[in-house]
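Here are my notes on this one, jotted down as I went through it. Have the viewer open while you read.

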Amino acid sequence: MRKKIIAGNWKMNKTVADAVELANNVKLELADCKEVDVVLCPPFTALKSVSDVVSETLINVGSQNMSSEEDGAYTGEISHGMLKELFVRYVILGHSERREYYKENDFWVNKKVIKALEKNLRPILCVGEKLEDRENGNTEKVVEVQVREGLKDVPASAYTELVIAYEPVWAIGTGKVATSAQAQEVHAFIRGIVKDMVGAEAADAVRIQYGGSMKAANAPELLSQPDIDGGLIGGAALDATSFAAIVKAAL
Ligand SMILES: O=C[C@H](O)COP(=O)(O)O
């Protein structure tokens, strides 16, 4: 039985003061939540403060990116060591906004996934098709390449640690949520690719989150699908009550 995982991706929102307030409000609702893995992913600037707020709770902290390199002359980058020092446990990698606006490609995303696993951080690998891919019938083709390339050379034993987030780009921040049937179909497809890559045991163990306009109202149906193991939440994670309602839907 896979434990559900609900992660809030705060994206480029929240000053340190706002982040502390939000984390405190989430803590009031979810500090002792054992049944679901809860992860807060604030901007880099608020990681330390949010880690401090949730330090005595079961809530995890994640970052929204990570460098594939160790350290050195990489202006603007943040390394695994810097994140671990702030008690970061999860790293979102290959989010569609990074792929689209910062031209991150599967090669670099894969390097980051490998580095994160090597350093005992848990990658959340984001994959998903654009609207034109879906309209042209290319959803599976696009998602398959992102999964195979993003997870290239990852051993079967690591699939209990990593998380895949299926985020149809057309559903992100648009209010257009994939239907539970559409999402389930792609999640089952992704699990099939993992099975083909590294075997049935890893495919059964890997957690696959859905992301894209998930909120309290649609979460119960999405989360009741057999291959949907959680959510990567954007907009609805910026409010503690709505985020907590999604976590409660996963119980
Ligand atoms: O990382 C989160 C996703 O991009 C979903 O964002 P959203 O819930 O605002 O659509």
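1. Before we get to the annotated positions, one caution: UniProt annotations may be inferred rather than shown by experiment, and the positions below use the numbering used here. Keep in mind, too, that this is a predicted model.

2. Which positions does UniProt mark as "binding site"? The unreviewed entry lists Asn 9, Trp 10, Lys 11, Gly 173, Ser 213, Gly 234 and Gly 235. They span 227 residues in sequence, yet no two of their C-alpha atoms are more than 13.9 Å apart, so they gather at one spot.

3. Now the ligand. The shell around the ligand has 14 residues, and Asn 9, Ile 172, Gly 211, Gly 234 and Gly 235 come nearest. Sorted by class, that shell holds 8 polar, 5 nonpolar and 1 charged residues. Asn 9, Gly 234 and Gly 235 are named among the nearest residues and also carry the UniProt annotation.

4. Take Asn 9 next. You'll find Asn 9 in strand β1, which runs over residues 5-9. Is Asn 9 buried or exposed? Asn 9 is buried, because 26 other C-beta atoms sit within 10 Å and the cut-off for buried is 20 or more. Leaving out residues up to four places away in sequence, Asn 9 touches Cys 41, Gln 64, Ile 92, Leu 232, Ile 233, Gly 234 and Ala 237.

5. Gly 234 belongs to the loop between β8 (230-233) and α11 (240-249). Beyond residues up to four places away in sequence, Gly 234 touches Asn 9, Lys 11, Ile 172 and Gly 173.

6. Asp 37 is part of strand β2 (residues 37-41), and Asp 37 is buried, with 23 other C-beta atoms within 10 Å. Which residues is Asp 37 in contact with, once neighbours within four places in sequence are left aside? The contacts are Lys 3, Ile 5 and Asn 60. Met 214 is 177 residues from Asp 37 in sequence, and their C-alpha atoms are 17 Å apart in space.

7. Last, the core. The largest nonpolar core has 76 residues, and Val 91, Leu 93, Ile 124, Leu 125, Ile 164 and Ile 246 touch the most other members.

Key
Residues numbered from 1 in each chain as written. Predicted model: local features only at pLDDT ≥ 70, side-chain atom pairs only at ≥ 80, totals over all residues. Core = buried A, V, L, I, M, F, W, Y, C linked by C-beta atoms within 7 Å. Buried ≥ 20, exposed ≤ 12 C-beta atoms within 10 Å, placed from the backbone. Near = placed C-beta within 6 Å. Nonpolar A, V, L, I, M, F, W, Y, C, P; charged D, E, K, R; others polar. Helix = DSSP H or I, 4+ residues; strand = E, 2+ residues; numbered from the N terminus. Contact = placed C-beta atoms within 7 Å.
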